[in-house]
Structure formats: C-alpha cells, structure tokens
Amino acid sequence: MNNSVLRVITGWVLGLIALACIIFGGLPLLLLLAVITFLASKEFVQILEHKGFYPSLKVIVVADVIFAVLAYFNCFHLVPLAFTAGTMIAFMWVLFKGKQPYTANVATTIVGFVYSGWFPLHLLFLRDLGSNNTSSMQMILKTDFMNAGLGYVIFMFLLVIFTDVGCYYFGRKFGKHKLAPVISPNKTIEGSIGGAVCALVGGFIIAYFIKLPWYHTIIAGLLVTGFAQIGDLCESLLKRDAGVKDSGNLLPGHGGFLDRTDSYVFTIPVIYYYFLYFVVDTHHWVDLLSFIKGIF
C-alpha cells in the first residue's frame, strides 16, 4: 500500500474518532486528549534526545495529568499553582538526576509540558464554552454537550483542515516563492495564501450553521489559519534543529502524533481565548476599548 493511500486511511480513521469524541465531549474527549498528549510528549522527548537534551518524560506526563484534571473541571484559578509546582519539580529533577546539560534539560522539560500538554488541553476549555453544567455530577459527566463550544471546536478543526488542504494544493500548483526555506523548504508563500483563502471560504459556510457573525468569522478564520501554519512551522523548527524527519512512526503515512497535530497546538489556545473574551463574554470588548482610551 503506497504512502498516499495509507495517509488517507489513517487521516479518515483519526478524523472519525476525533469527531466522535468532540461531539460527545466530556470523558471521551478527555481520554482522547490524554492519549494524544502522552504520545506527543513522548515524541517531544525523543526529538530533543536527538539534539543531546534530556527532558524528563515523567515530569512532563505528571504535569500533563494535573493540567488535564484542572482543564476538565474548569479550575483555571489553580493553573498558576500547577505551573509553579511543575517548574520547581523540573529543576529538582535535574538537580537530583545530575545529567548534563543541566539548564537545557530544565528548560526543555518545562517547554515539554507547556507545548505537549497545556496548549492542546485548552480544547477542554473551548469545548465547554457556553455550557450550563452547574452541579457536581454535571461537571463530571458534562451532560450539556450540545452547547456553543461544540460549534466553535468544529469551526476550528475544519478550518485547520481547509488550511492544510489549501496549502498543499495551491503550493503544488502555484508555489514558487519559499515561505521558510531553512526550516521547511517545501512550503511556499503561494501555498500559505491559498490555505488562508480556503479557510476563510470554508469558515463562512460553517459560520452560517453556528450563527457566527461575519466579522467574528473573518477574525477567527485568520487566527485559525495563521496559527495553524505557525504551529506547523514551529514543529518543523524543532525537528530541523534536532536533525530528524518525523516526530515518530506511529501513524502510517503521517509520521508521529506531533506531525499530525502540530497545526492545532497553537491554534487551540488562541481560538479559545478569542471566543472567550470577544464572543462569549462580550463585555471584554468594552474593557479593552476603555483601557486603550485610558492610555491616550
């Protein structure tokens, strides 16, 4: 079976599993993210080991678990405590482990639980936007799963897919000018623009069904397509620096989990904060404008 067929089959299987977990939300989505963050964290550590750095997978996984619990129960107020504890534990792990390079091992451990855990786990926050789960049992089972968050997550996921497809086909047909020749030589400016156009067109179609105003559709669409491409390039940067082609080989035709999810790592938190502060809690617009007026 050639690589293209494997890529399509793997993409469809993963897409259907992810779609089912997104629709039901709650525990299925938590379990999906737990698997993805663990495998992504493992691949992140393996990439850095090629560079000669040795971040602690154990510290990263423990931090990821803590962040997952906090995100699932919307305990955002405890996140600073988790970050503080995780950073201190990263230092102490290196202190007692005694393996060089000390500073790089501390830094890459912290980056590991932020990049592979905290960023993608924002999907739980995004999925819960507009939810009316108030009782303890509702918070555990997430019974209010037909909320606004479902539409926002589908909007984001489909726009990332439209971006990837547009970048690929426009890049192959019209690509002439390199976007980032050192980091990712195959990506072109024409492909990047094509991906953005596809994302915006698809965004207006999806926005019609989730009743998202046109101005939010444009802004959110640009944020999704922009940070999807940035996330892709950032993962390529890590691999290029470490001298590896793929983050792993668990996904036939795609490489590793980081290779398949790199476009979402930055996009998920960015789009969550946009929808939270500018769509769901609209009073933040007034606060922002008042702050800007106060400066001048």
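A pocket is here an open set of grid points with protein on both sides within 12 Å along at least five of seven lines. In this predicted model, the second largest pocket has a volume of about 180 Å³. Its lining consists of Val45, Glu49, Tyr54, Pro55, Ser56, Leu57, Lys58, Trp93, Lys97 and Lys99. Helix H2 (26-51), helix H3 (57-72) and helix H4 (79-97) are the elements that give two or more residues to this lining. By class, five of the lining residues are nonpolar, one is polar and four are charged. Two residues of the lining, Tyr54 and Lys99, also stand in a charge-over-ring arrangement: Lys99 lies over the face of Tyr54, at 4.0 Å from the ring centre.

The buried residues of H3 are Val59, Ile60, Ala63, Asp64, Phe67, Ala68, Leu70, Ala71 and Tyr72. Just after the helix, Asn74 takes a positive phi of about 55 degrees.

The aromatic side chains provide a further view of the structure. A search of the whole structure finds 24 aromatic pairs. One of them joins Phe67 and Phe83 in a tilted arrangement, with 4.9 Å from centre to centre and 45 degrees between the planes. Because Phe67 lies in helix H3 and Phe83 in helix H4, the pair ties together parts that are 16 residues apart in sequence. Phe67 has a relative accessible area of 1% and is therefore buried, the cut-off being under 20%. Phe83, with a relative accessible area of 23%, is partly exposed.

Another pair is formed by Tyr273 and Tyr277, which are stacked at 6.2 Å centre to centre with 10 degrees between the planes. Both residues lie in helix H12 (residues 267-280), four residues apart, about one turn of the helix. Tyr273 is partly exposed, at a relative accessible area of 26%, and Tyr277 also counts as partly exposed, at 32% relative accessibility.

What connects these two pairs? Phe67, Phe83, Tyr273 and Tyr277 are among the members of one aromatic cluster. The cluster also includes Phe76, Phe113, Trp118, Phe125 and Tyr272.

Note on methods
Residues are numbered from 1 along each chain as its sequence is written. This is a predicted model: local features need pLDDT of at least 70, side-chain atom pairs count only at pLDDT 80 or more; totals for chains, interfaces and linings use all residues. Side-chain values use heavy atoms; hydrogens and water are left out. On a 1 Å grid over the protein atoms alone, a cavity is a set of points where a 1.4 Å probe fits but cannot get out, and a pocket is an open set with protein on both sides within 12 Å along at least five of seven lines; lining residues have an atom within 4 Å of a point. Grid points are joined across faces, edges and corners, and a volume is the space filled by probe spheres set on the points. Ala, Val, Leu, Ile, Met, Phe, Trp, Tyr, Cys and Pro count as nonpolar, Asp, Glu, Lys and Arg as charged, and the others, Gly among them, as polar. Rings of Phe, Tyr and Trp (its six-membered ring) pair if their centres lie within 6.5 Å; planes under 30 degrees apart count as stacked, over 60 as edge-to-face and the rest as tilted. Buried means under 20% relative accessible area, exposed over 50%, partly exposed in between (1.4 Å probe, protein chains only). A charge sits over a ring if NZ of Lys or CZ of Arg is within 6 Å of the ring centre and within 35 degrees of the ring normal.
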